[in-house]
Amino acid sequence: MVTLAVPPYLLSRAIDDGLATKDFESLAGWVAALFGIGVVNAALGIARHRTMTKIRMEAAFQTISATVEHCVRLGAGLSRRTTAGEVVAIGNSDVQVIAQSLTITGPGFGAVVAYLVVAVVLFSISPLLAVVVLAGVPLLALTIGPLLHRIERTGAGYRERQGALTTRLVDVLNGLPVLNALGGKPVYAARYQRDSHDLVAQGYRVGAAASWVDALSKGLPAAFLAVVTWLGARMVAEGAISVGGLVAVYGYTAMLVVPVESLIEGAGDLARARVAARRVTQLLSFSPERPADRVNAPAAPSILRDPVSGVEVLPGRSTAIVSNRPAESAAIIDRLGGFTKSDVTWDGIGLDVISTHQLRQRILVADNDSYLFTGSVRDVVRGRHEAEDDRLHRALHIALASDVFDALHDGLASTIDPRGNNLSGGQRQRLRLARAVYADPEVLLAVEPTSAVDAHTEATIANRLLAARRGRTTAVTTTSPLMLAHADTVVYLVDGVAAAKGTHQELLATEPAYRALVTRGGAEEEAHR
C-alpha cells in the first residue's frame, strides 16, 4: 500500500526537475526510477494476491476442521442440538464468508499506514489539502456505517431461514422414495418452492444493502478524488503549488482510492462474517453429552447392563431383544452402545465415564441408518481396518452379500455410490452387516439386521452370523423366529421393560403375548415365502 504512493512523487519530480527545466538527463533518471517502482509494485501485488489466497484457504480449512472435529465429539447428540441443514449451510457458505473476512487484516493495516504516510506528504505540500484528506476519509467511513448495520441485521435473518430451508431439502431428499410412493412429492415440492421464493426475496433485501456498500466503495472515493483535484487546481492557478505538486496531489489522492476502497470493502466483509461466525460459534458452543474421558473400559469381556429396561447382555453370549415397538428395542441398543446419555454400566462402570476411544474400539452399534460412503466394495466393507481379501470374502459370505460384488461385475473393486444408491434396500442392509462382521468387535449390537431380506435369506444369515459370533458378545433386536431360534438368550420387552427372558422355545411355551408376536411374524414370513 505504501509503495503505491511513490509513483506520484517520482512523477512530480520528473515534471518539476525535468520537463519544467528542460533537463532531459534528470527527466530520464526520474522516468527510469518510475519504471523501477512500477516493477516493484507489480511484484508486491503478485505476492499480496498469493498471500491473501493462502490466508483464505487456511482459514477455510481450519474452520472446517474445527467444526467437523466438534461434530464428531458431539456424536449422536448432534442431531438433538441442531439440524442437518444448519451443518450443511455452515460448510457451504459460512466457512467461505469467514475466510474472506480474514483477508482484510493485511490490506486493512496497510491501508491505515498508507493513509497516514500520504497525509504527512500532503502536509508538506499544502496543509489545507492535508486537512481535507484527513477529514474526508473518516466521513466516507461514517457514510456506510448504517448500511453495515443493516447488512448484519438482515443477514442474520436470511442465514437462519437458509439453514431451515436446507434442512427441509435434506429431509425431502432422504424421504423421496416414501413421498413418491404416497404421492406427496408435488405437495412438498410446492411448499419448498414457495419458501425458496420467500428466501430469494429476503436475499434481495440483503443484497440491496451489500450492493450499496459495493457502489459507495467505488463512487465515494472517486467523488473525493474530484474534490481534492479541484481544490489543487485552484491552488495551482493561484500559484500556491507547482504543476508538479498538482500532479503529485492528484496521484496521492488517486492512490488513496485503493486503501479507502479496501477499508470499505473490508468493513462489509466483516459485517457479513459476524453473521456467519455466530452460526459457527453456536455450533462449537454445544458441549458433548459425554463428559471428558476419565476411566478405562473393563479389561476383560463383561456384562452390559441397562437399568432402565433391565436388559443384560452377557459376555460371550448372543442375546435377542424382542418388542412389539421397534423404537423401544432400538433405544436400548443406543443406550448400550453409549450413543445416548444413560445409566448403562459395563462391569459396573458407567459408560458415560469410559474412554470414548476404548468404547468405540470394543463396542460396535450396527443399525440400518449407518451411512454408506462411496468407494469400492473392499473399502466400504473394511472401513477403518486393513483390507484382507480372505477376511472380506468371509464377511460377505456370512452376511450373504456376495451377490453385491457379483452383480457389479468388478468384484471387490466395484464402486458403491453414495448412500449405496446403486444397491437395493436388502443389498444395502447386508453390506452394512458385512461391514460389522468384518470389524469383528468384542461387542456387536445390531438393530433389525435382517428386516429387509426374504425369509430364506434371513434364515441363512441368522445361522451364519450367530455361528460366526459364537464366543463373542452379540445383541440383536428382532421379532423374527428365524433369528430368535439361534440366540442363547431372548429378552421380551413390555412397555420398554424386560418382562421375561429365556430361550426362544421357553418363551414360546410360557409367554402367550410373546408367542402371538413372533408367530404372527412367522406366519407372515411363511406367506411371503
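**Before you start.** The model is predicted, so local features need pLDDT of at least 70 and side-chain atom pairs count only at pLDDT 80 or more, while totals for chains, interfaces and linings use all residues. Residues are numbered from 1 along each chain as its sequence is written, and side-chain values use heavy atoms, with hydrogens and water left out. Helices (H or I, at least four residues) and strands (E, at least two) are DSSP runs, numbered from the N terminus.

**Stop 1: the sheet.** Select the six strands in the order E6-E9-E10-E3-E11-E12: they form an open sheet with mixed pairing. Two strands pair if DSSP finds at least two bridges between them. Now colour E6 (363–366) and E12 (497–502): these are the edge strands, each with a single partner strand, so one side of each has no neighbour in the sheet. On average, neighbouring strands here are turned by 20° against each other, direction ignored.

Zoom in on E6 and E9 (443–447), which pair in the parallel sense over four bridges. Leu-364 has Leu-444 in E9 as its bridge partner.

Next, show helix H10 (326–336): it lies across E3, E6, E9, E10 and E11, running at about 155° to E9. Such angles run from 0 to 180 degrees between N-to-C directions, with axes fitted to C-alpha atoms, for helices over the stretch in contact (heavy atoms within 4.5 Å).

**Stop 2: the cores.** A nonpolar core is a set of buried Ala, Val, Leu, Ile, Met, Phe, Trp, Tyr and Cys residues joined through side-chain atoms within 4.5 Å. Buried means under 20% relative accessible area, exposed over 50%, and partly exposed in between (1.4 Å probe, protein chains only).

Which residues touch the most other members of the largest core, which has 24 residues? Select Val-377, Val-381, Leu-396, Ile-416 and Leu-431 to see them. Helices H12, H13, H15 and H16 each supply at least two residues of this core, and H15 gives the largest share, six residues.

Centre on Leu-431: leaving aside residues up to four places away in sequence, its contacts include Val-380, Ala-401, Val-404 and Leu-423. Then move to a second, separate core of 21 residues, with Leu-351, Ile-354, Ala-475 and Leu-493 among them.

**Stop 3: two loop residues.** Most residues other than glycine have a negative phi. Pick Asp-347, in the loop between E4 and E5; its phi is positive, near 55°. Finish at Leu-400, in the loop between H13 and H14, where phi is also positive, near 55°. Is Leu-400 buried or partly exposed? At 21% relative accessibility, Leu-400 counts as partly exposed.
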